[in-house]
Amino acid sequence: MKQEPGLTIIAKTVTRISVWLIILYGIYIILHGHLSPGGGFAGGVVIALAFLNVMLTFGHETVTRWLNIDFLHDLEPACGAMYLAVGILGIAVSGSFLANFLNKGTLFNLVSSGNILVLNIIIGIKVAMGLFTVVWALALFRFDDGGEK
Amino acid sequence: MPVETWLIFILSFMLIGSVAALEMKDLLSAIIAIGVVGLGVSMAFLLLQAPDLAIVQFLFEIFSVVIMVRAFIKRDYHHQTTPSNQIGKTILVIAALGAIFIFSINVFKALPPFGEPLMTTAQYYLDNCAKETGAANIVSSIVLDYRGYDTLGEVTVLFGAILGALTILRIKPGAKPDEEEKS
Amino acid sequence: MTVYLLCFALLLVGLYGLLVKRDMIRIIIASGIMGYASNLLLILFAYKRGGLYPILEKSKAVGERVMVDPLPQALVLTSIVIELGITAMLVALAIRLFEKNKTFDITKIKRLSG
């Protein structure tokens, strides 16, 4: 019987190295959303799956100590409010809600297409934090008659 | 080989998988079968030239399977047996769904044939996307620029669903781990 | 047209599961099947023969590339995300009901309070 929670030490060592690469891949998909398939939703789910990977390998008490779950849970409605703020800024600058008011740039550059890059980042963070909070809550839930895990 | 042959193959595979997912007695096999059906949908999206959707469908479906397996595995699960008065309801439902299917054949004959969409609005998006928005991914520019208001609605729905799930489980992320709620 | 009919049959299989099954988990699986079938039907309406994916390339001009319909793809993107939210909430509800009633069978849940 194992004394410590989580998987074997091989899985833990591999996860320590590879979870940063998965988060980097998620950030790449979010930032290149206007040039190649992907965008905010796909990148957000990849980041949430990276955190889920750490939670499965190390046990959820370690994750509760490693991350500040309260802050990550509050980040999700903050990103929703930022989306609304970008929309209202569109009224102030260009006269219609959610108008594309930033500089459009040249085609195929990384910093181009104005509003779309900013909105992709906002949606990516929101989806990642929301989905990770749901999975963390499902892992934390205990039955009151003494369930397992 | 034309696209339709591959699509008919994938769709029949998905039909068999979904019937198996609903009828199997073992719970873990049913959840794995629904996972395989989701992968079939992702492959069909790739064949229909929608790589954006294939990525999103694949990742979200993995997440759904992880949530379902976490919640339902290793519980005290009593297999249900169908009592005899369930047979009448099953036959009635199958007969009604069969009638709906036969009436729908005429409806699908009236649509444009497969492979020739009308594209009256979409032609404007395809022609003017590069100069009006500056993005190379046309689906991203429709989702976030031309139809950004729908994405605001979807962000709200996702927020509401996640908050609802947290409220039902009665977990507050700010509380300490040793002060859990006893119901 | 065979493809449309097969996809509609998948939708009806999901509807059968939603109406007939008494187990909460099968109901959640059936709602997932209906979601897959309706998204696939929308993308089947949007396919153009010989068309490519709707992303512009550097080497070709805009007018030369024949692309499939991008508008239903944008709508289905929203729909897939909302399906996940629905599944997460149904799973939380099912766990809570199991904790109160010790069974997943919906015909045995008779108490409204407690």
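Helix α1 of chain B covers residues 3–23, and its 21 residues reach 31 Å from the first C-alpha to the last, close to the 30 Å you'd expect at 1.5 Å a residue. Keep in mind that this is a predicted model. Chain B is the one to follow here: its secondary structure comes to 7 helices and 0 strands, and it touches both chain A and chain C.

**Helix α1 of chain B: two faces**

- The buried residues of α1(B) are L7(B), L11(B), M14(B), G17(B), S18(B), A21(B) and L22(B).
- Look down the axis of α1(B) and those buried residues fall within an arc of 130°, so they line one face of the helix.
- What covers them? The cover on the buried residues of α1(B) includes α2 of chain B, along with α1 and α2 of chain C.

**A closer look at F9(B)**

- F9(B) sits in helix α1 of chain B.
- Why does F9(B) count as exposed? It has 12 other C-beta atoms within 10 Å, and a residue is called exposed if that count is 12 or fewer.
- For a sense of scale, F9(B) and S140(B) are 131 residues apart in sequence, and their C-alpha atoms are 30 Å apart in space.

**Helix α2 of chain B**

- Helix α2 of chain B takes in residues 27–47, which makes 21 residues.
- At 1.5 Å a residue it should span 30 Å, and its end C-alpha atoms are 31 Å apart, which agrees.
- After α2(B) comes Q49(B), with a positive phi near 60°.

**Chain B as a whole**

- Read along the sequence, the pattern of chain B is simply α-α-α-α-α-α-α.
- Chain B has 183 residues, and 36% of them count as buried.
- Take the contacts in chain B with a separation of 6 or more: 34% of these join residues 24 or more positions apart.
- Chain B is divided into domain 1, residues 1–74, and domain 2, residues 117–183.
- How far apart do the C-alpha centres of domain 1 and domain 2 of chain B lie? They are 22 Å apart.

**Where chain B meets chain C**

- This contact takes 77 residues from chain B and 72 residues from chain C.
- On the side of chain C that touches chain B, the elements giving two or more residues are α1 (2–20), α2 (24–45) and α3 (71–101) of chain C.
- The largest share of that side comes from α3(C), with 22 residues.
- By residue type, the side of chain C that touches chain B divides into 53 nonpolar, 10 polar and 9 charged.

**Where chain B meets chain A**

- Here the contact takes 39 residues from chain B and 51 residues from chain A.
- Which elements of chain B each supply at least two residues of the side that touches chain A? They are α3 (51–72), α5 (122–133), α6 (138–146) and α7 (148–169).
- Out of these, α3(B) makes the largest share of the side of chain B that touches chain A, with 11 residues.
- The residues on that side of chain B split into 25 nonpolar, 8 polar and 6 charged.

Technical notes. Residues numbered from 1 in each chain as written. Chains lettered and ligands numbered in written order. Predicted model: local features only at pLDDT ≥ 70, side-chain atom pairs only at ≥ 80, totals over all residues. Helix = DSSP H or I, 4+ residues; strand = E, 2+ residues; numbered from the N terminus. Expected span 1.5 Å × (residues − 1). Contact = placed C-beta atoms within 7 Å. Nonpolar A, V, L, I, M, F, W, Y, C, P; charged D, E, K, R; others polar. Buried ≥ 20, exposed ≤ 12 C-beta atoms within 10 Å, placed from the backbone. Arc of directions from axis to C-beta. Domains from an automatic or database assignment.
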